[in-house]
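Subject: Structure handover

Dear colleague,

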Amino acid sequence: MLVEIYIEALLVDEELADQVWELWDAGVIDDELAVVAWLQVSYNFDNG
């Protein structure tokens, strides 16, 4: 599920989605915060 949400965000804004991925992968943020960030990226695009 985490990867699916990441992919959705990636399709909207590759740079932001990758920044969140890097923070998550480094352990700076946890799964929950990464999901919130990726959903926010997707939501902002949809409501532009």
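Tyrosine 6 is buried, with a relative accessible area of 13%, whereas tryptophan 21 is partly exposed, at 27%; buried stands for under 20% relative accessible area, exposed for over 50%, and partly exposed for what lies in between, with a 1.4 Å probe and protein chains only. This is a predicted model, in which local features need pLDDT of at least 70 and side-chain atom pairs count only at pLDDT 80 or more, while totals for chains, interfaces and linings use all residues. Residues are numbered from 1 along each chain as its sequence is written, and side-chain values use heavy atoms, with hydrogens and water left out.

Searching the whole structure gives four aromatic pairs (rings of Phe, Tyr and Trp, the last by its six-membered ring, with centres within 6.5 Å; planes under 30 degrees apart are stacked, over 60 edge-to-face, the rest tilted). The rings of tyrosine 6 and tryptophan 21 have centres 4.6 Å apart and planes at 45°, so this pair is tilted. Ring pairs link Tyr6, Trp21, Trp24 and Trp38 into a cluster.

Tyr6 and Trp38 also belong to the largest nonpolar core, which has 10 residues, including Val20 and Ile29 (such a core is a set of buried Ala, Val, Leu, Ile, Met, Phe, Trp, Tyr and Cys residues joined through side-chain atoms within 4.5 Å). Leaving aside neighbours within four places in sequence, valine 20 is in contact (heavy atoms within 4.5 Å) with Ile29, Ala34, Ala37 and Trp38.

Best regards
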